[in-house]
Structure formats: C-alpha cells, structure tokens
Amino acid sequence: MQKDMDKIVSLAKRRGFVFPGSEIYGGLANSWDYGPIGHLLKQNIKKAWWKFFVLERPDMVPIDTAILMNPKVWEASEHLQNFSDELVECKKCHHRFRADHLLEAVGARPGYDKEKPRPADKVRCPDCGGALTAPRNFNLMFKTYLGTTEDTSSVVYLRPETAGGMFVNFKNVLNVTRRRLPLGIAQIGKCFRNEITPGNFIFRTREFEIGEFEYFINPDSAGGWEKTFEMWLAEIRRWWKDVMRVDADNLVWHEIPKNELAHYSKRTVDIEYKYPFGVKELHGIAYRTDFDLSRHEKISGQDLHYTDPDTGEKFLPHVIEPTFGIDRMLLVSLLEAYGEEEAPTAEKGETETRVVMKFPKNLAPIQAAVLPLSKKEELSKIGLPLAAELRKKFIVDYDETQSIGKRYRRQDEIGTPYCVTVDFDSLEDKKVTVRDRDSMRQERIAIKEVGDYLSEKFDHA
Ligand code: GAP
C-alpha cells in the first residue's frame, strides 16, 4: 500500500501523536510538538532502544551529557571548521536551497557527487526559475552566548550531535566502570542543526533527538575492526526486524563508496528507508578510526590512550559509531503501522474503512483501553477499579463516552492492541470482552484474569 504523508500528518494531529509547534501563534516553521500519544510512542521507542543496544549487553554503558559544551570540543571534532552545507540563493525570489538537494534533482547522488556541475551552473530556482548564486558554505551549528555579555569570548553552541559528550568522558567512564575494551558508551539526547531546508514533517527539523553510541575497540584484536563492524550491522538488522518490525523491503543498505567516505571514516553504511517522499537516510553506522580521540588528545593536551591490562599494550582506541535519529525512527514506525482495511459496522452486512495503526505491541502508546459500554454507574464500578489495577503494569486508557464503535475506531487509530469492554453481562458473569486490534476477534475473559491475560501478550510488560 502506497503510504500518503498527508494522511499520516493529519492522523498524527487528530489523535495527538504530533502537533505543529507553537500553533496558537501561527506556528514556527518546521517545528513540531509530540502530543500525549506521540510522547508515549517516542518513550517506548527509546526504552526499546536502551534495552536492545545497552541494557541487554555486557559491553555497553549509558551516559547523559550536557548540550552546551566547551567550544574546543567542536574545534576537535571539526564541526566548527567543516559542519556546513552548501547554500545557494535565488537571485530573484531570494529563496534558499541546499546545493546537494538541487543536485539530487538533476540526478546526482545527494551530498556525494562533488564532480557533478555546481547547481549555479546547471540548475534554476525550483520555485520561480530564477538564476542561483554560487554555492557558499553555511555552518549548521546554532550559536548562543553563555552569561550576560554577547561578546565572542562567551560564544557556545547547541550540540549538533551527542557524540562529543561520549568522547570527552571516555577516560571518566573507563575509570568508574573499570571495564575493558571493547566498550560502548551510549546516549540519547536533543541535538540542534540550523538546517537550510528542513521539511517532510519530522524527517528534517532543526531540533531533534539522536540515539548513538561510540564503541571503542582495539583495531588489532582478532578479526579487526571489520569483524566488529559486521557484528553491529547484524545487530542493527535484528533491531529493525525483531523490535521495530519494519518490512525489510522498505530498507535500503547503502554502502558508501570508498571515494565518497568522510576523511576520518574507513567504512560507512547508511541505512535508508523508502519514505513516501523518496529513498532517504534513516540512520547510519561508521568506522571512524582513532580520528576523534586523537583530535581530542591534540586539542585538550590530555592523554586518552588505553592500556590493555593483560598485555600492557598502550594504544588509542578506534571507534565504530552507530547513530539513530529518534524522530526518523518514530516517523518510520508511523509509516509502517498505518493501514486501512474494510471492517464490518454495527449495521448487518455493511462495512466501512477502518484506519488502524498496527504498531508492534511493545511499542504501542496505549497497551489496553477499558471501555464500559455505557456511562452508567454500575458499569463504571467495574471499569474504574479494573483500569486502576491494570495501570500498575500497563499503560491504560479509560473511555466511557460515545458509541462503542467510535471508541474502537479511536483506539485503532492510536494503535491500542487490546480493548477491554465492560457490559451489562459483566454484572452477572464477572467477565469482560477483550478485543484484539489486528484480528478484531473478541474473547470473554474473567475480570480477575485480565491482568495475566495481557501479561502473556506483551514481552516483558
Ligand atoms: N554522530 C554522527 C551523526 O550525528 P548524522 O548522520 O549527522 O550522524 C545522525 O546524524 C542521525 O540523526 C541521522 O542518521 C538522522 O537519523 C538524524 N538526523 C540528522 N539530522 C536530522 C534532522 N535535521 N532532523 C531529524 N533527524 C536528523
């Protein structure tokens, strides 16, 4: 089924996944707020990410570092010098564009085809057909000021990635955890980039979250860095298949050709997704050699070498860095979950199109909804305590207004795997009806067994 971005954006707003940012003031271009349902979905994706990549492994530790860092960090990482995109401006309408995006429009691979004609030579303004300026570098880092004076000595930057926090704490983490290599340090956090052309909903924004880790290795260990890189590629494949349950046909594993690699990388794979607006990057994995630690050693003057406790060998660890855009993962989870299907209505023989978000159960924002058939007190006397009991273990919604059909549709649209309906028979048989989101099959379950029934349905609920 061809997924339609307009439908996803409209559902996201209607059901509280994602709202346009600052909406009552006319919005702020390309900023988005996660609503109650979107927040829960994002939390579940992050929780699953921590569990899969960090907590279930003996070789990973978490960290949570500051957004504002000493500007020397960005000198060491070369963000101050090189973290820029080429910007072109239309001489007529003054709209601004990323040069690589315009190159893409003439069939060049975005970002890589340095040999292809410059946009100014070949391409006109896509909005008005006007001539374009020559490309100039535009640094994407947001600048701000520390303290009360706006002089250059107090300039700081909002971090454009979380990696810097892991590198500057490498020695601290080694000391306190007393771990040996290989060791990964992982972090999820907000990042900021003053993108020239944000857009496509939450795909490219100026404020977003990254989950990434720096996996420190001895590149001369058995199998070398190549073996570790393959191990992480396999883990990433498992993540998309088993946890995010993404259709493998929608992922593209793009091996960056050698002549297009960043100067510090010996291998990079971009994991791309077939979005409705084209095949574009979802996230990536790069072997960054010892570039980062050697740069931080040079700029900070500190010794960041590691001494192997068994062999006494002293070396600068190399790094493999898998990076995930949390917002892009959430966008992909919306696209993968979205479905439309014909479903019977209350009228005999009639059907209607139901929209259903078939999230993997463990990622579903709401796990169960308790829905008394009417607002009558005799039913809420059963429904309210049942919801309170279930809330100790699950994320539960309680809704007693509107027709049951409309309430099922709402729960389908936010992807609730189980609806628990309390009806007048419940007063007699002490049972409720549990409806499965995907099959719409209904089962009668004893009220006191609903918790155990649901526990069996969720992994590690
Ligand atoms: N430390 C490596 C690094 O930051 P990156 O490819 O620049 O790598 C990592 O960014 C991931 O962050 C991307 O693969 C993408 O998922 C996400 N990302 C990057 N820019 C973004 C933006 N403007 N809006 C939303 N997500 C973005």
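Both faces of strand β16 are covered: H318, I320, P322 and F324 are buried on one side, and V319, E321, T323 and G325 are buried on the other. Buried here means under 20% relative accessible area, while exposed means over 50% and partly exposed is in between, using a 1.4 Å probe and protein chains only. Eight of the eight residues of β16 are buried, so this strand is largely enclosed by the rest of the structure. Strands like this one (E, at least two residues) and helices (H or I, at least four) are DSSP runs, numbered from the N terminus.

Before going on, a word about what you're looking at. This is a predicted model, where local features need pLDDT of at least 70 and side-chain atom pairs count only at pLDDT 80 or more, while totals for chains, interfaces and linings use all residues. Residues are numbered from 1 along each chain as its sequence is written, and side-chain values use heavy atoms, with hydrogens and water left out.

So who sits beside β16? It belongs to an open sheet of seven strands with mixed pairing, in the order β3-β9-β10-β16-β13-β12-β11. Two strands pair if DSSP finds at least two bridges between them. At the edges you'll find β3 (60-62) and β11 (251-255), each pairing on one side only. From one strand to the next, the twist averages 25°. (Angles run from 0 to 180 degrees between N-to-C directions, and axes are lines fitted to C-alpha atoms, for helices over the stretch in contact.)

Now look at the two neighbours of β16 in turn. Strand β10 runs antiparallel to β16, and six bridges join them; I217 stands opposite H318 in β16. Strand β13 (residues 278-287) also runs antiparallel to β16 (residues 318-325), with five bridges joining the pair. Here H283 has F324 of β16 as its bridge partner, and Y287 stands opposite I320 in β16. Helix α8 (residues 170-177) packs on this sheet too, touching β3, β9 (183-192) and β10 (207-217), and its direction makes about 135° with that of β9. Contact, by the way, means heavy atoms within 4.5 Å.

Keep following the chain and you meet a pair of helices. Two packed helices are described by the angle between their axes and the distance between the axes. For helix α2 (residues 36-55) and helix α11 (residues 326-337), the angle is about 110° and the axes are 10 Å apart. That makes α2 roughly perpendicular to α11. The cut-offs are simple: under 35 degrees is roughly parallel, over 145 roughly antiparallel, 65 to 115 roughly perpendicular, and the rest oblique. On the α2 side the contact is made by G38, L41, K42, I45, K46 and W49, and on the α11 side by I326, D327, M329, L330, S333 and L334. Sorted by class, that contact has seven nonpolar, two polar and three charged residues. Nonpolar covers Ala, Val, Leu, Ile, Met, Phe, Trp, Tyr, Cys and Pro; charged covers Asp, Glu, Lys and Arg; the others, Gly among them, count as polar.

Next comes a hairpin. Strand β17 (residues 338-344) and strand β18 (residues 351-357) run antiparallel and are joined by seven bridges, with E341 opposite R354 in β18. Six residues lie between the two strands, and G349 takes a positive phi near 80° in this hairpin.

There's another open sheet to find, this one of five strands with mixed pairing, in the order β20-β19-β21-β22-β23. Its edge strands are β20 (396-398) and β23 (442-446), which each pair on one side only. Strand β22 (residues 431-436) pairs with β23 in the antiparallel sense over five bridges, and T433 has R444 of β23 as its bridge partner. Helix α15 (residues 450-457) packs on the sheet, touching β19, β21, β22 and β23, and its direction makes about 130° with that of β23. Helix α13 (residues 404-414) lies across β19 (368-372), β20, β21 (418-422), β22 and β23, running at about 170° to β19.

Is H79 buried or exposed? At 8% relative accessibility, H79 counts as buried. Leaving out residues up to four places away in sequence, H79 touches W74, N139, M141, P160 and E161.

Finally, step back. The protein chain comes to 15 helices and 23 strands, and 51% of its 461 residues count as buried. Its C-alpha trace spans about 75 × 65 × 50 Å along the principal axes.
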